[in-house]
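Work through these exercises with the model on screen. Try each task before you read its solution.

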Amino acid sequence: MARSKTTAASRKPTIETLVALGPQRLAQLILTQADADPLFARAVRMALAAKEDVSSLAHEIEKRLKTIRRSTSFVDWDRVRPLARELDQLRENIVGALAEQSIKLAIDQMQLFLSLAESVYERADDSSGSLGDVFRQGGEDLGGLWVRAGDRDPTKLATEILALIEADGYGVFDGLPAAASSALGKDGRAAMRGLLLERQAALSGHERRRYDYKANWLLPALADLDDDVDAFIATVDPARGNALRNADVAKRLIAHDRAAEALEWIDAPTERGYNERGLADLRLQALAILGRKEEAQAQRRQMFERWLDSDALRAWLKALPAFEDFEAERQALDFVMAHPDAELALHFLIAWPDLTRAAKLAFDRLCR
């Protein structure tokens, strides 16, 4: 048995076992696989080019990118994943081997790589999202390369990033401001915010509405990068009619020790039922921070009764005076037994757990 295990271990491909094959045998295996797999063959050529010098690797990458850009044939859904793998391989070579030798060349090639996005999207069925994932990662990688370069003027960089975002119809550069944030610095982010507002104000009609779409995610993102909750609030409708946006503001106010202000946003009148659960969780957080114990208890009880929230019930029971929790738990579980949604009640009782009540509820309400 010991011999069998040793033999199996020696056959498992690892760095050590492959090195033990020797360079001649490994080279033959690589050539055989390269003949059968074009993607693998290109990976081998990239590795050989990287061994020569940085310009050879850059040339090899650029040659392949330009070939892809010149292609006009439609890529069906079953050929999208191989294309995405090749593009990802090129992206990894840019941020890896090429960037290690020359950040400048890596930035140039990454910009060329990203310039392919629109033409590739237009001739491919990317229903799987594979191509989108690769290009969005490339957008973030470009920001990382600018950070590594460390010699960009923040205002010029802000202008360049904004231009890329303005021309982007596929979300490729959505992650770029965050990825390049440390290269932009506070001055660069302020410059981008100023340019964005200036261009937005100069537009009207349909063009303004199209631009608003980008401004409505970019301005809050810049505020978050500066950790500036007031700048974030300035991007939100002052009427406070959107429950999701109110929750976004409340989260940030709570994180900045401004729980009393957070409650004003949480309790603002909005469409009933919309994001009600999220706002309830935030309301409980704010009340607990403010030390408003009775209101926090009432909130926990309300959350339990509204959604059969087991965490809220446990917290409510824990905060009760000594010796009151047993009877309170019994009454709460009786409430669950009578809940109009029998399946939800059953899930609650099984998870609590109270299997006796769960069995009774199943027999009385679900099995007849």
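Predicted model: local features only at pLDDT ≥ 70, side-chain atom pairs only at ≥ 80, totals over all residues.

Residues are numbered from 1 along each chain as its sequence is written, and side-chain values use heavy atoms, with hydrogens and water left out.

**Exercise 1.** Decide whether Ser-130 is buried or exposed.

Solution. Find Ser-130 in helix 9 (residues 130–149). Helices are DSSP runs of H or I, at least four residues, numbered from the N terminus. Take the relative accessible area: 11%. Apply the cut-offs: buried is under 20%, exposed over 50%, partly exposed in between (1.4 Å probe, protein chains only). So Ser-130 is buried. Its contacts (heavy atoms within 4.5 Å) include Val-80, Arg-81 and Ala-84, not counting residues up to four places away in sequence.

**Exercise 2.** Classify the ring pair of Phe-304 and Phe-335.

Solution. Rings of Phe, Tyr and Trp (its six-membered ring) pair if their centres lie within 6.5 Å; planes under 30 degrees apart are stacked, over 60 edge-to-face, the rest tilted. Here the centres are 5.6 Å apart and the planes at 55 degrees, so the pair is tilted. Phe-304 sits in helix 18 and Phe-335 in helix 20, 31 residues apart. Phe-304 is buried at 0%, while Phe-335 is partly exposed at 29%.

**Exercise 3.** Which ring face does Arg-252 lie over?

Solution. The test is CZ of Arg, or NZ of Lys, within 6 Å of the ring centre and within 35 degrees of the ring normal. Arg-252 lies over Phe-232, at 3.9 Å from the ring centre.

Note on methods: Helix = DSSP H or I, 4+ residues; strand = E, 2+ residues; numbered from the N terminus.
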